[in-house]
Structure formats: C-alpha cells, structure tokens
Amino acid sequence: VVLIRTDEEYKVTLRDIRVYPRQMAAVIRVGLPSGIQNAIVGFSNVIVQSSINIFGEIAVAGCSAYIKIDGFVILPVMSMSMTLTTFVGQNIGALNYDRVKKGMKTGLAMGVGITLALTVLLQFLGGFLLQIFTSDPEVIAYGLQMMHIVSMGYFLLGISHCLAGTLRGVGLTRVPMVIMVLCWCVARVAWIVILGRQLYNLPLVLAGYPVSWLLSAVLLAIYFWKMDWIHYYEKSMRR
C-alpha cells in the first residue's frame with residue numbers, strides 16, 4: 001500500500017505489473033538448473049543418511065548432531081557463491097572482463113580462506129560444539145569422527161561453490177548443474193553403495209562427501225582452464 005501511494009521513483013503501478021517473457025526466460029535459465037541441482041543433491045543426502053542408519057542409533061545420533069554444525073559451516077560458502085553470481089553477472093553485462101577475473105579470484109580466495117579457518121576452529125572446538133546437542137560420550141565420538149573426515153574437504157567445497165557461482169554469473173548454468181549432479185549424486189551414491197555398505201565401514205561412507213567435493217572441484221577447475229567461459233555472454237548476445 002505504501003509503495004502504491006508514494007510519488008517516488010520506486011512507486012508501484014499495478015497496471016504495469018505483468019510477465020515480461022524475455023526477462024522471465026533469463027530468470028528461469030539461471031534459476032531452474034540450480035533448483036534441480038539442489039533437489040537432486042538433497043535426495044542423494046537421503047541415501048547417505050540411510051547408509052549411516054545401518055551403523056546403529058548411536059552413530060545416527062552422533063552424525064545428526066554434527067550435521068547441525070555442518071549446516072552453519074556451509075552457509076558462508078553458499079553465500080559467497082551467490083555473491084559471485086551477482087557480481088560476475090553485473091560486470092559481464094558491462095563487458096568488464098578484468099573486473100570479472102579479479103572478482104572471481106578474490107571470491108575464490110575468500111571462500112577457500114573462510115572454509116580453512118572454520119576447519120581449524122572445528123578441530124579445536126568440535127567436541128565443545130557437539131556437547132550443545134548431547135552429553136553422551138559415544139554420540140560425541142561419532143560426531144567427532146564425522147567432523148574429522150568431512151571437515152577436511154570443506155576447502156574443496158569452497159572451490160566448487162565459488163567456481164559454480166562464477167559460471168552462473170556468465171550464464172553457464174547447465175555446466176555446474178551437470179558437474180555437481182554427477183559428482184555430488186551419482187559418484188557419491190556409487191561410492192557409498194560400493195564401498196561403504198559393502199565393506200560395512202562408516203568412515204568410508206562419510207568419506208563420500210570430501211571425495212565427491214574433490215571430483216567437482218577438479219572438473220570445474222579443468223573447465224575453467226580449458227574453456228573460454230568469460231566470453232560466453234558476449235558470444236551468446238551475438239547469436
């Protein structure tokens with residue numbers, strides 16, 4: 001109501017509200033692959049959880065306690081990825097390639113730096129943080145086991161998210177979706193089913209996380225190295 005009544009530039013005029021096909025198509029092109037990726041990755045995590053369940057209720061409780069901490073650790077990296085998408089998109093639109101490259105390198109350094117700092121903090125504070133959720137020493141032991149295995153790959157997750165965020169900013173949304181679905185879903189589930197379950201080894205199940213992050217980081221880095229991703233937007237505008 002306030003926006004409708006105001007006389008400022010940001011006044012909302014109801015009769016002007018409609019779907020603009022070109023802009024809507026651009027929004028869907030960027031957003032839909034990310035949504036599909038997150039949905040499929042979420043499904044793969046259900047399979048990971050089902051694999052943890054076979055090790056008993058204490059293992060489930062310990063890993064569940066750490067997953068709550070893991071959620072907070074991953075948030076800064078995901079935020080950096082979204083920031084890079086916005087920053088790169090703005091500067092690609094202006095054809096300011098030097099600024100795109102500088103922003104990508106800075107964002108990548110910050111993403112990796114943040115994850116490394118959080119990994120170090122977890123090594124010292126992991127037990128204390130787990131005690132927020134449980135006082136059972138066996139449960140804490142399982143939580144610490146997951147922390148030691150998973151946290152070693154956080155910097156790889158930082159690399160993957162930041163590179164993927166940059167690619168989305170230039171309009172290459174399918175590439176990170178395909179790579180992350182292949183690595184974080186197909187490869188992770190295959191690793192868990194073939195190694196973790198068959199050998200009945202919880203550390204191997206948990207290692208599926210850093211292994212899948214390593215694969216995605218390597219593939220995205222190779223794509224950056226081999227492809228002329230930075231000129232994709234300019235070329236697409238010429239078509």
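Residues are numbered from 1 along each chain as its sequence is written, and side-chain values use heavy atoms, with hydrogens and water left out. In this predicted model, local features need pLDDT of at least 70 and side-chain atom pairs count only at pLDDT 80 or more, whereas totals for chains, interfaces and linings use all residues.

The chain has 10 helices and 0 strands, where helices (H or I, at least four residues) and strands (E, at least two) are DSSP runs numbered from the N terminus. Its C-alpha trace spans about 60 × 50 × 30 Å along the principal axes. Of the 239 residues in the chain, 39% are buried; buried means under 20% relative accessible area, exposed over 50%, and partly exposed in between (1.4 Å probe, protein chains only). Among contacts (heavy atoms within 4.5 Å) between residues at least 6 apart in sequence, 79% join residues at least 24 apart.

Serine 160 is located in helix α6, which covers residues 154-170. This serine counts as buried because its relative accessibility is 0%. Leaving aside neighbours within four places in sequence, serine 160 is in contact with Met180, Trp184, Trp213, Ser216, Ala217 and Leu220. With regard to alanine 217, its backbone nitrogen lies 3.2 Å from a polar atom of the serine 160 side chain.

The cysteines may be considered next. The structure holds 0 disulfides, a disulfide being a pair of cysteine sulfur atoms within 2.5 Å. For cysteine 162, the closest cysteine sulfur is that of cysteine 183, and the separation of 16 Å is too far for a bond. For cysteine 183, in turn, the closest cysteine sulfur belongs to cysteine 185, at 9.4 Å, again too far for a bond. Cysteine 162 counts as buried because its relative accessibility is 1%, and cysteine 183 counts as buried at 3%.

Val19, Met24, Ile28, Leu32, Ile36 and Ile40 make a nonpolar surface patch of about 500 Å². Isoleucine 28, a member of this patch, is placed in helix α2 (residues 21-53). With a relative accessible area of 43%, isoleucine 28 is partly exposed. Patches are made of residues with over 30% relative accessible area and no salt bridge, with like charges joined within 9 Å and nonpolar side chains (Val, Leu, Ile, Met, Phe, Trp, Tyr) within 5 Å; a salt bridge is a side-chain nitrogen of Lys or Arg within 4 Å of a carboxyl oxygen of Asp or Glu.

Terms used. Polar contact = N/O pair within 3.5 Å; in protein donor to acceptor, adjacent residues only side chain to side chain. Areas by Shrake-Rupley, 256 points an atom, 1.4 Å probe, with all protein chains shown as cover.
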